[in-house]
Each structure stands twice: as C-alpha cells, then as structure tokens.
There are 2 protein chains.
Amino acid sequence: MTKLSTGYEAYLDQMRRIADLKGAMSLLHWDQETYMPEKAAPFRSRQLATLAGLSHQFATDPSLERLVNELLSGDLELTSGQRMNLEETLREIRKSKKLSQAFIEKITETQSRAFQAWQEARKRREYQIFAPLLREMISLKREQCEVIGYEESPYNALLDDYERGMKVRQVKEIFQEVGQELVPFIRGILLQRKPKNDFFHGNFPHQKQWDFGIALLKSMHFDFRAGRQDLAAHPFSAGVSPHDIRLTTRINETDLSEMIWSCIHEGGHGLYEQGLRSEEYGLPSGEAVSYAIHESQSRLWENHVGRSEDFWTFHFPRLQATFPESLHHVSLQDFYRGMNRVEASYIRTSADELTYHLHVLLRFEIELALFEGEIEVEDLPSLWNSKMKSFLGLEVPDDSQGVLQDVHWSHGSFGYFPTYSLGSFYAAQFYAQAEKELPELSAQLRIGECLPLRRWLEEKIHRHGKYYSSSDLSREVTGETLSLKPFMNYARKKYGAIYSVG
Amino acid sequence: MTKLSTGYEAYLDQMRRIADLKGAMSLLHWDQETYMPEKAAPFRSRQLATLAGLSHQFATDPSLERLVNELLSGDLELTSGQRMNLEETLREIRKSKKLSQAFIEKITETQSRAFQAWQEARKRREYQIFAPLLREMISLKREQCEVIGYEESPYNALLDDYERGMKVRQVKEIFQEVGQELVPFIRGILLQRKPKNDFFHGNFPHQKQWDFGIALLKSMHFDFRAGRQDLAAHPFSAGVSPHDIRLTTRINETDLSEMIWSCIHEGGHGLYEQGLRSEEYGLPSGEAVSYAIHESQSRLWENHVGRSEDFWTFHFPRLQATFPESLHHVSLQDFYRGMNRVEASYIRTSADELTYHLHVLLRFEIELALFEGEIEVEDLPSLWNSKMKSFLGLEVPDDSQGVLQDVHWSHGSFGYFPTYSLGSFYAAQFYAQAEKELPELSAQLRIGECLPLRRWLEEKIHRHGKYYSSSDLSREVTGETLSLKPFMNYARKKYGAIYSVG
C-alpha cells in the first residue's frame, strides 16, 4: 500500500470505531425512550456516560490528531473529499479536546438525571422538581462555553454546536426580518375567520392510526429494511447505523393530527439519514451537514409536502376510508384548510407552521438572556408566561403547557431551538428549487408518487454529507444563501389562498 | 479515605466501566434478535466487535491487574467478599489476557456473520451455507484453546468458559450415570402408552397467548419494572443492567406449549438475574455463578414448578378460560399428563425433560470429537443423523430439524451444551432441598403463590453472586455436591406415577 492509503486506512479505522460507539449510544438512547423498564434508568445513565467518555477520548486521541495532521501536511495527493474529511476531523478534535473526558461523562450523566426530573416535573406540573437539575445543567453548559471560548456572547459557543459558525447577531437579524415580515402577516391572518379543524378530534383507534402512519412512511419511500418506527412519548429519530434509522411517533386516539405530522416530520429526518452514503460510515462525508439542514428535511416533508393539497389529493381518500365515521363528511378542501389553520397555541410541536416561529423566538430570547447572565433559572416560568402573553396573547394555564413542554433543556441542548426556524426557512428555499427543477412534482404528489422528490433531495442534499457547509450547500442547490424570502413567498401564496389575505 | 477504600474504589470504578460496556453489548445483542432492521446486520457486527474489543482491553488492562495485585498482597483488611472479588478478577485477567484484543474483535465479528449464515442455512435447510462459517469459527475456537492452554483435552479449555474447572472426565462420568440410570428408565417409559397431548395443537390467538405468558411471569414475581418480555425467533434472556432484564418468547398460534414453557424457562433465568444484588454491579459478587447454575434456575421453574400438577392446579382453570374452545373438555389430570409426555423427538428445546439429556449427550459427543480432531465439519450432518438414530431411533428428515437446529455453534459456544444437563441435575437437587425447607411449597403453588419459592432461591442462591463456586454453593444449599440422584428420584416418582413404571 502507498503511504497515503495506509495512513488514510488507519484514519478510517479510528473514525469508524468512534462511530461504532456513537451508534451504540444511539441505541441506548432510543431504547431509553421506547422500551427500557423504568427501574433501569440509573444504570442506563452510567452506561451512556461511560460510552460518551470513551467516544470523546478516542475522538480527541493525540495519535488521531497527529495522523490527521500528517496526512494533511504531507505532500500526498488527497481528493477534495479526503481533504474535507481530514480538515473537518481536525476542527472537531481541536474543539473537543478542550473538554475533558471527565466533563463529558459528567454532562452525559447529568443529562439522564435531568431528563428523569423533567419527565417527573412535567407530569406533576411542578417546575421546582426540574429547577435544581436545570441549574446544574446550565452551570455545566456555562463552563463549557468558557472552556470552548467565544467572541461577544457565550451563546455563540452554544450555537456553534448545532450550526457551525452561526452567530447571535445572524440569528437576531433573521428574527428581525421575521418580526418585520412574518409577524404582521400572521396578525392579518389571525383577524380572519379560522377554517374548521374539529374533524381531527374524535375517536381514531390506535392500530388504524399506526397502520396509516406506516403507509405514509412507505409512500415517502422510507426503507423499512433499513429502519423502523416505534412509539415514544416525545417523537424523535435516531441513527444507530447507516442502515438502521429509528423513527418514533405518538398516537393520541382522540386527535389524529399528532400521529400524522409527527410521522411525516420524523420520516423527513429518516430519509436524510438513509440518504447519506453508507460507504462514508464514520466520516464527516457520511454525516448530516448541521441541525438546521437536518430540520430543513423534516420540515420540508412535514409542511411543504405533508400540508399540501397535492399530497392529500392522493392520501385523503385513503384516510377517509380508514376513519369513515369521522371523515366521510369532510371534503379534501376542508381537510386541507383545517390542517393549515393558523392560531395562537401553547405547544410548539403542534403549532401551525407560521406561529411556530414565535415559539422558537421566545425560546431563543430566554436562552440568550440566561447565558448572557440577565436572568436566572427561577425567572424562567414567569418570563415564559409573559412572553407567551406578548407574542401570542395567551395565558399559560400551567407549566406543563409552558416552560416544561420541551425536552431540550434537560438534554442541555441550549442553542438548538434557532435551528428549527433556520431549518424551516432552508426548507422553503430548497422546496422552491425542487419545484423549479421537477416541473411534474405537483402532479406526482397528486398520484402519491414521492420517489422523484426523494431522489432529488438525495442527490442534491443527502449524499454530500458534510462535503459542503450549510451556506455552501444552499448556494450549490439554490444559487443563494439562506434567506427568509422563499418562506415568505410560500406563506403568502399558500395562506393568501386559504385566508384571502396577502 | 484509607488506602483500602481508595484502592478498592478505583477497582470498583474500573470494573463498573467494563460492566457498562457489557451492558451496552447486551442491548445490542438483544436488539439484533428482536427489533433490528435486516439491513443493519453488518454494522451491528462491527459495533459489537468494537465494544467487545474495548471491554476485553479494559478487563486485561495491566493497571487493573497491578491494582488488584496490590490490594490482594498488601496488609489490608479485606472482607471475605472483597477478597473473593479480587481473586476472581485476577483469575479472569490472567485467563483473558492470553487473548489479544484483535482476536476478540475477530471472533465477535465472526459470530455475527456466522449467526446470519446459520439463520439462512436453517431457513433454506442447506447445511453448506453454514459450513464455511462454522469451519472459521471452529478454527478460531481451536486457536483459543491452544492460547488459553489445557490439560488432556482441548475441550477442557472450552468447558472452563461456562463451568469453571469442569473437565471432560467429569462430564463423561455424569453421562455414564445417565446411561446407566436414566436411559433404561426412559426405555421403560417409551414402551408404555403415551398420554394424550393433542390439545396443545389447535388455534391459540397470538394476543391471548402473549397475555397469558405475561400473567405467568407476574405470578412468578418477575419484576416488570426492572425487565420486560419481547418476541424473538429463538427465545433467550439478556441482562442489560441489574434492573434491566430482557426475556424473549416465541408464539406459535397452532402450538400452545412453545410459549408456555419458553416463558417459564426464560423467566427462571430472569429471576436469577433480578435476584443478584444490584449494589454489587460490575463485580463477581454481582454475577451469576456459572452457566450450569443459571440453567438450574430456568429448569427448576420450567420443569419442577412449570410441569407440576400443583402449579397448574392454580393456572389451568385460567388457561381454560383463555382458550375455552381448545381446553374446556380437558381435565387438569390430562393436561398434567400431556405436558409430561415422554417421547423421542428431533428438537432439543421442545424435548421432554427426560429425553432432553440424550439431545445434550449427542451434542457433547460431537463437540468432543470435533475438538479432539476425530471428525471434521463436513462429517457433522451424517454423524448427527446416525446418533439420532441410535439414541432416539429417529430418522432426521432434514438438517433444519437436525444439525442446524441450535444457534450455539454460530456463536462459537462449544462446551456450553453440557451445562444444560448439569443445570437440570442441579435444579433437581435444589428443588428437593426447597421442598424440605418449605413444607408449604406444594400448597402454596396450588393457590398460585410463588413468592416463598422465589424468596428462598434468592436467599439461598441468587444473592450470593459468585461468592461460592458451583460445587460450594451446592454444598452450602443442599449439603452435597452435584449428584444425579435427586434428579433420578424426582423422575422415578413423577414419571412412575404418570406411566406406572418405576
């Protein structure tokens, strides 16, 4: 073997061992939220902490750094893909090695305890059960920001974990645009008469919902030989390996909408994972670009496809046949308008696709204030409630529908929420491009044919892994970097028609 | 802290990290045989190999050996439990370190491939699909025997993995007794008219069987908050952590017996795992003594309890109520006699508790001949078939009912089968003692009360972990080391009554 191939093989081998550990962690997490018996929680925490510590240790192993440096600085002929992998790995090593293995184990173990406390607090609607763990978690994350380093705001160090290089300033800019463009548009809509959506409430037996959800995922060409779906209290998706993508959904027998759009949303995440190249296992080239791009895929399917009249032209008759009692009297038009009803609501995950961004903004402002030291953990519930009042005009009835609704803070995932909005805006931008390049897309969806769209996404986005950054990918695919414009165009056209506003 | 407590804490910490890795592996295995999507197999193989390699690396880490040696050789006051843990750990390190991490990864990875090939071979009834993998596996295990070292027979090195210190000579001795005592007894029975058991065949809907199985496990006091049951093609149990014990069962809608006795059998394994002390996590004192003792627990529940008239006095009316069509005309006596029907059959796992040992003997003789170099992989099917003919008078119709029926060889678990018979004989010995010490046992089982027995087993056997060796445990509990006598007494009494032989 040549020097390059020997060295690159050794690099591959080390990266894949790390991926094996991460895959095992992913399964432990998945199991924790699907099948794990309750008493197992403390042991699961330690198992996860041990694996996270090892994975961190291997990912920051000085011998790996040395090898990567040698491969990069030698006079070897690297392909652009190999160079990207090595550079990205080096960047990750330099960032990760600032954190000690003990710190990683501590934070992983705290995550599990905080998650347990959050579940309990939410069930009992008692913020005080969660508050001490949240305080611990924030203190660890503040420590992390200091160790990693940042300019201007510690929150920049957090954002970077989910969207490389993203700065508070940029997030503020885009939310300023949201304030100028989207908020007045929403105000106009909220003044209109709302379409009916009472048909989503009724009696929808578990098994029939389950089967319908699986059929939706199959129609999206999610590959069930390389993935599965299970139930979870808080739907999520997890990649255990390139051919092992786990989706979860939630079924509420009195509300059909939870299952439908959680299936399609997680399915979008799952298609991205299945679209990554398995031969790039363990390498940046086999990983998703960023959380925002990941979210662009879930929201593209959930909203642009899954809340379109085209998609339901095919699926609605099937849904009606599944639940004839509840839906026989509903027209496709009413169903379509109902699923796109815009209204102020408490829960982010079930919010419509417009007010959704106000939920994200609220969280962003709170997180920023927390990490910039302006507020403390005990201020959160009242701050949350006052923002809900000012953003959406709602009085929060209890913390389970307010500050305790999201799992993220128990995981220490501060800086994550903004990627939801960024992802939605990327989704609109990508979808507008797909519509240009696939002139038959609308007609295809109307006959239940999602394969051309899936293939387009795979070719344009999924298969590149981290080869491009978010911005470069956006430029490659659409010719432009992230902009709110395509989202506003989409919103104005769609909701203008539904609500007769513009 | 004192020197002892600091040193012992460090030892504890390292042992528990190894246990975390083993728990993760256990979940990866469990998932592989329950929920994993099919395409994931090659990645799962590597994940398991990586974790096995790491676990081996940590378990043989020279710093651990040094620490253990220091603790043992210093002038510290160790409790007898601490001393046992350290000595046992040292013994394991000395044995394990003879094998390289590369070897462990190789064998783990081969296990996964061999398992896939075995499944395929069994489905297609083509031994040749499995043969090359079996050859690879045997060659690795032969290498392992040479590296570990042995006296007299390489098979001694294999036996030692499952039953420490057990020798070919001892296994031969006990099977010689089996030949002298049990075989003529079985011959006598096989000449008698067989009790009817056709009522086990019929139409037993999946969900009703499932629910009944769960009820059986609950009546055995298996703790579902610290464990669960799922479906698997080949029932097994797995300990993911002390509070996370996974059982599996198989449901055949046309044969009720498969589910019932696989549930009770795996439940017996599960109770042992749940009875170990969770505060001894990661230490020999928190681990099962041996495979034979583990099997004694499953067979005690499966046969001594689960095939007793007492147990079914309570449960049979419930079973009848669950499947009235198939069972309303069956009396408890007929049901009891039917479940204890003795007959020559092809499949070990569904064999009655007497002929079962001939299945084990057949495998022991074949494995011994393989490892003593008297036969080769290509001889196995014909040798199997000729032994089935001579032991049980049966012509094997195809290899899926012959040489391909067991999963063990695909895992490389040579030397494991004898523990099934040893475990059964231990079970009889323990149960005879339980009957002496719990004079109300029979009456308790008749009213569905299994808790006193479960508690007795926990106190006498489970909670000691590896504190005693198999022989010492047997002596502690029953006053005697392993003997076939209690099993023969049990068999003569029970089957004498059913068959009027003696």
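B:Glu343 is partly exposed, with a relative accessible area of 26%; here buried means under 20% relative accessible area, exposed over 50% and partly exposed in between, with a 1.4 Å probe and protein chains only. The side chain of B:Glu343 meets that of B:Arg341 in a salt bridge, at 2.9 Å from N to O. A salt bridge is counted where a side-chain nitrogen of Lys or Arg lies within 4 Å of a carboxyl oxygen of Asp or Glu. The structure is a predicted model, in which local features need pLDDT of at least 70 and side-chain atom pairs count only at pLDDT 80 or more, while totals for chains, interfaces and linings use all residues. Residues are numbered from 1 along each chain as its sequence is written, chains are lettered from A and ligands numbered from 1 in the order in which they are written, and side-chain values use heavy atoms, with hydrogens and water left out.

Over all chains, the structure holds 72 salt bridges. Side chains of opposite charge can pair when their charged atoms come close. One such pair is A:Lys95 with A:Asp161, whose closest N and O atoms are 2.6 Å apart. Helices (H or I, at least four residues) and strands (E, at least two) are DSSP runs, numbered from the N terminus. A:Lys95 is buried, at 13% relative accessible area, whereas A:Asp161 is partly exposed, at 30%.

Another salt bridge joins A:Lys389 and A:Glu395, with 3.3 Å between the closest N and O atoms. In this pair, A:Lys389 is partly exposed, with a relative accessible area of 42%, and A:Glu395 is exposed, with 55%. Salt bridges also link A:Asp31, A:Arg44, B:Asp244 and B:Arg246 in a network.

Turning to chain A as a whole, there are 21 helices and three strands. For its 502 residues, a compact globule would have a radius of gyration near 23 Å, and the value for chain A, 23 Å, agrees. This radius is taken over C-alpha atoms, and the globule rule is 2.2 Å times the number of residues to the power 0.38. Along the principal axes, the C-alpha atoms of chain A fill a box of roughly 70 × 50 × 45 Å. Buried residues make up 60% of the 502 residues. Among contacts in chain A with a separation of 6 or more, 74% are between residues 24 or more positions apart; contact means heavy atoms within 4.5 Å.

The accessible surface of chain A comes to about 20,000 Å², and carbon and sulfur atoms contribute 48% of that area. Accessible areas come from the Shrake-Rupley method with a 1.4 Å probe, and for residues only the protein chains shown count as cover. Chain A carries 59 positive and 71 negative charges, whose mean positions are 2 Å apart. Lys and Arg count as positive and Asp and Glu as negative, without His and the chain ends, and each charge is placed at NZ of Lys, CZ of Arg, CG of Asp or CD of Glu.

A:Gln429 lies in helix H17 (residues 418–437) of chain A and is buried, at 5% relative accessibility. Beyond its neighbours within four places in sequence, A:Gln429 is in contact with A:Ser474, A:Thr478, A:Glu480, A:Thr481, A:Leu482, A:Ser483 and A:Pro486.

A:Ser350 sits in the loop between helix H14 (332–339) and helix H15 (356–371) of chain A, and counts as exposed at 55% relative accessibility. A:Ser350 and A:Glu258 are 92 residues apart in sequence, with 7.3 Å between their C-alpha atoms. In the loop between H15 and helix H16 (380–392) of chain A is A:Glu372, which is partly exposed at 33% relative accessible area. Leaving out residues up to four places away in sequence, A:Glu372 touches A:Ser153 and A:Pro154.

Finally, backbone angles deserve a look. Most residues other than glycine have a negative phi. A:Arg125, however, has a positive phi near 55°; this residue is in the loop between helix H5 (101–124) and helix H6 (127–148) of chain A and is exposed, at 52% relative accessible area. In chain B, B:Glu152 has a positive phi of about 65°. B:Glu152 is placed in the loop between helix H6 (127–148) and helix H7 (154–162) of chain B, and is exposed at 71% relative accessibility.
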